[in-house]
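Work through the exercises below with the structure open beside you, and try each task before you read its solution.

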Amino acid sequence: MTDAHYIWPEVRAHRERLVAALSVQNPASRIAVTVVPGWHQARYVLPDMIASPKGDDWTCHFYRNDNVLLAKLVCSGDRAGWQKHVVKSCRASSRLRLAMGAAFAATILRKVNLDTFGFYFVGKTSKGKTLCLKVGGSVAGLNAEGGPTSWDGTPTGFQHLALGHRDNVMPLDDTSAIEGDAKKRREFAKLTIFSLAKNQQKIRSGQYDRLTD
């Protein structure tokens with residue numbers, strides 16, 4: 001109500017009576033509010049759409065949270081064009097098929113009760129690492145104009161980014177932003193992936209745990 005610019009009574013007793021009266025109400029219609037995308041019971045929620053069973057008129061409102069970096073989704077073309085120009089090209093590369101498969105798998109991990117996982121593509125410059133990320137990102141529409149997000153960030157920052165990609169693939173590119181040699185970059189990437197998985201609670205924030213459940 002405060003966010004809707006309601007001016008609360010100055011007298012504390014009046015505020016308490018008002019809150020008490022509101023708390024016992026049982027309105028006929030209810031409004032669902034979330035700060036994270038992904039599965040909410042049987043519905044898959046994105047900032048601008050809800051995928052739900054036929055006949056389900058459930059609605060949900062997104063509340064912007066500074067600790068949740070929502071994915072930048074871009075809808076371009078149609079399924080036929082995607083199958084012709086993207087899927088067809090994957091026939092020639094097992095790595096492209098892996099990237100695309102991981103993107104589809106990301107949306108069902110919660111439903112099959114599996115932990116988060118990640119792939120780390122390694123290779124020389126111009127060998128297709130970024131292309132793998134773009135192919136995987138094309139499944140959900142994560143190919144924004146700026147390209148995949150780089151590895152230039154902090155553990156907390158990656159958690160905020162992961163919350164914005166909840167139940168979706170999260171492409172990260174350009175490990176050169178990580179300080180150290182190739183071995184240290186690999187270790188940083190591995191630790192970041194493990195920190196987002198459910199078996200690493202001690203190195204995650206409490207807010208991350210609450211919003212990913």
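Two residues are in contact when heavy atoms of theirs lie within 4.5 Å. Keep in mind throughout that the model is predicted.

**Exercise 1.** Find which residues of helix α3 meet which residues of helix α4, and describe how the two helices cross.

*Solution.* Begin by locating α3 at residues 94–106 and α4 at residues 129–138, whose axes come within 8 Å and cross at roughly 40 degrees. Next, look at the sense of the crossing, in which α3 passes α4 in a right-handed manner. Then list the contact itself: Arg95, Leu96, Ala99, Met100 and Ala103 in α3 meet Leu131, Cys132, Val135 and Gly136 in α4. Finally, sort these residues by class, which gives 7 nonpolar, 1 polar and 1 charged residues.

**Exercise 2.** Decide whether helix α5 is parallel, perpendicular or oblique to helix α6, and state which residues make the contact.

*Solution.* First take the angle: α5 (residues 155–164) and α6 (residues 182–196) pack at about 55 degrees, with their axes 10 Å apart. Angles under 35 degrees count as roughly parallel and those from 65 to 115 as roughly perpendicular, so α5 is oblique to α6. As for handedness, α5 passes α6 in a right-handed crossing. The contact is made by Phe158, Gln159 and Ala162 on the α5 side, and by Phe188, Thr192 and Leu196 on the α6 side. Sorted by class, this contact has 4 nonpolar residues, 2 polar residues and no charged ones.

**Exercise 3.** Work out the strand order of the open sheet and explain why β2 and β4 are edge strands.

*Solution.* Recall that strands of a sheet pair through backbone hydrogen bonds, either parallel or antiparallel. Here 3 strands form the sheet in the order β2-β3-β4, and the pairing is antiparallel. Because β2 (38–40) and β4 (49–51) each have a single partner strand, one side of each is left without a neighbour in the sheet. From one strand to the next, the twist averages 30 degrees. Looking closely at β2 and β3 (residues 43–46), you will find 3 bridges joining them, and His40 stands opposite Arg43 in β3.

**Exercise 4.** Is Val68 buried or exposed?

*Solution.* Locate Val68 in the loop between β5 (60–62) and α2 (79–87). Its relative accessibility is 7%, and since buried means under 20%, Val68 counts as buried. To finish, compare sequence with space: Val68 and Leu163 are 95 residues apart along the chain, while their C-alpha atoms are separated by 5.6 Å.

Key
Residues numbered from 1 in each chain as written. Predicted model: local features only at pLDDT ≥ 70, side-chain atom pairs only at ≥ 80, totals over all residues. Heavy atoms only, no water. Axes fitted to C-alpha atoms, helices over the stretch in contact; angles between N-to-C directions. Helix = DSSP H or I, 4+ residues; strand = E, 2+ residues; numbered from the N terminus. Parallel < 35°, antiparallel > 145°, perpendicular 65-115°, else oblique. Left-handed = near helix turned anticlockwise from the far one by under 90°. Nonpolar A, V, L, I, M, F, W, Y, C, P; charged D, E, K, R; others polar. Pairing = 2+ DSSP bridges. Buried < 20%, exposed > 50% of the residue type's maximum accessible area, 1.4 Å probe, protein only.
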